[in-house]
Amino acid sequence: MNKLTLFFGIVCLLVFATACEEQQRGFAEPPRDYESQRAVDNDSLLNFLQTRFYNYEDYATADSSERITFDINIIEEDDADKTPLIDQVEQINVKIKNTEGVYFDHTAYILDIREGVGTAPTAADSVFVTYKGLLLDLSRFDETTNPVWFESLSVVKGFSALMPHIKKAAAPTINSDGTYAFDGFGSAAIFMPSALGYYNDSRSVPAYSPLIFAVDLYTYNTTDHDGDTVPTHLEDLDVDDYYDDDTDNDGLPNFRDDDDDNDGILTREEYDANNDGMADDTDNDGTPDYLDKD
Ligand SMILES: [Ca+2]
Ligand SMILES: [Ca+2]
Ligand SMILES: [Ca+2]
Ligand SMILES: [Ca+2]
């Protein structure tokens, strides 16, 4: 194991431990109806994006290895001629599923700040990032200026939904002091309704707060949580961004199940036995062997 892998591994463990601790604290009140809260939040977001600008001039003049602190200000007085965020964002749709399994489309707004030179992760991957989290009153509720690993599936939905929109840096180089330098990393931000954030959970931000996350992506790992050789992002069979798909109904979702069809043959042994890079389907019935009992 080289030093980089070891370092990343330790940080991963710490992040995981923190995530577990946070999960134990619970939610404060029964959640509001998604449809009405979605409308309220979208009004707030649109008003915000029309009247605020970000420090795009700082990014334009920065070196590609320089990290810039993301900043937003009101368009007024000396800044009256700045370009409003609404002219720079693109809309995406993110589905939120309620406890009855009903989906509600939510609109979020993505700001491309700097295009990275590498590839982009999926929403299920582990990412090595710096980030800043803001509320619409521009108060900062979270920030890290030193890169940390995040397991995308364990953070708020809007954060992981942003990941496929950012490209990573070039391969890192080692500085004389032993730290790693990343050049050409991507940066992007998401402006999201509260349902993609903490919603009715008031432990770290006021309940029903729309959130802003600005993220710099240095690198990422494609995840395979159960080690069954099927990457986690492919274990979301119905592609709804919820990883609760459970082919054999044994209560263990596919991404944590090393025998997805419960036929006694481990998925890793029947997924791609002929090593052609495709899931095998021996009986040609359209269901790959690892999800097919016969
Ligand atoms: Ca799914
Ligand atoms: Ca299962
Ligand atoms: Ca599996
Ligand atoms: Ca199997």
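Tyr208 sits in the loop that links strand S9 (186-192) to strand S10 (211-221) in this predicted model. Its phi is positive, about 60°, although Tyr208 is not a glycine. Most residues other than glycine have a negative phi. Tyr208 is also buried, because 20 other C-beta atoms lie within 10 Å and a residue counts as buried at 20 or more.

Is Val239 buried or exposed? Val239 has 9 C-beta neighbours inside 10 Å, so it counts as exposed; the cut-off for that class is 12 or fewer.

Six strands make up an open sheet in the order S3-S4-S9-S10-S5-S6, and the pairing is antiparallel. Strand S3 (89-97) and S6 stand at the edges with a single partner strand each, which means that one side of each has no neighbour in the sheet. On average, neighbouring strands of this sheet are turned by 25° against each other, direction ignored. Strands of a sheet pair through backbone hydrogen bonds, either parallel or antiparallel.

The pairings can now be taken one at a time. Strand S4 (residues 103-114) and S9 run antiparallel and are joined by five bridges. In this pair, Ile110 stands opposite Ile190 of S9. Helix H2 (residues 34-51) packs on the sheet, where it touches S3, S4 and S9. The direction of helix H2 makes about 20° with that of S4.

Strand S5 (residues 126-135) comes next. Which strands does S5 pair with? One partner is S10, which runs antiparallel to S5 and is joined to it by ten bridges. Thr130 has Asp216 in S10 as its bridge partner. The other is strand S6 (residues 140-151), also antiparallel, with eight bridges to S5. Here Val129 stands opposite Val148 in S6. S5 and S6 form a hairpin, and four residues lie between the two strands. Leu138, in the turn of this hairpin, has a positive phi of about 70°.

Why is S5 largely enclosed by the rest of the structure? Nine of its ten residues are buried, so S5 is largely enclosed.

Trp149 counts as buried because it has 22 C-beta neighbours inside 10 Å, against the cut-off of 20 or more. From Trp149 to Asp257 there are 108 residues in sequence, and the C-alpha atoms of the two are 24 Å apart in space.

The domain assignment gives domain 1 (3-221) and domain 2 (225-294). Their C-alpha centres lie 31 Å apart. Contact between them involves six residues of domain 1 and six residues of domain 2. On the side of domain 1 that touches domain 2, three residues are nonpolar, one is polar and two are charged.

Notes:
Residues numbered from 1 in each chain as written. Chains lettered and ligands numbered in written order. Predicted model: local features only at pLDDT ≥ 70, side-chain atom pairs only at ≥ 80, totals over all residues. Domains from an automatic or database assignment. Contact = placed C-beta atoms within 7 Å. Nonpolar A, V, L, I, M, F, W, Y, C, P; charged D, E, K, R; others polar. Pairing = 2+ DSSP bridges. Axes fitted to C-alpha atoms, helices over the stretch in contact; angles between N-to-C directions.
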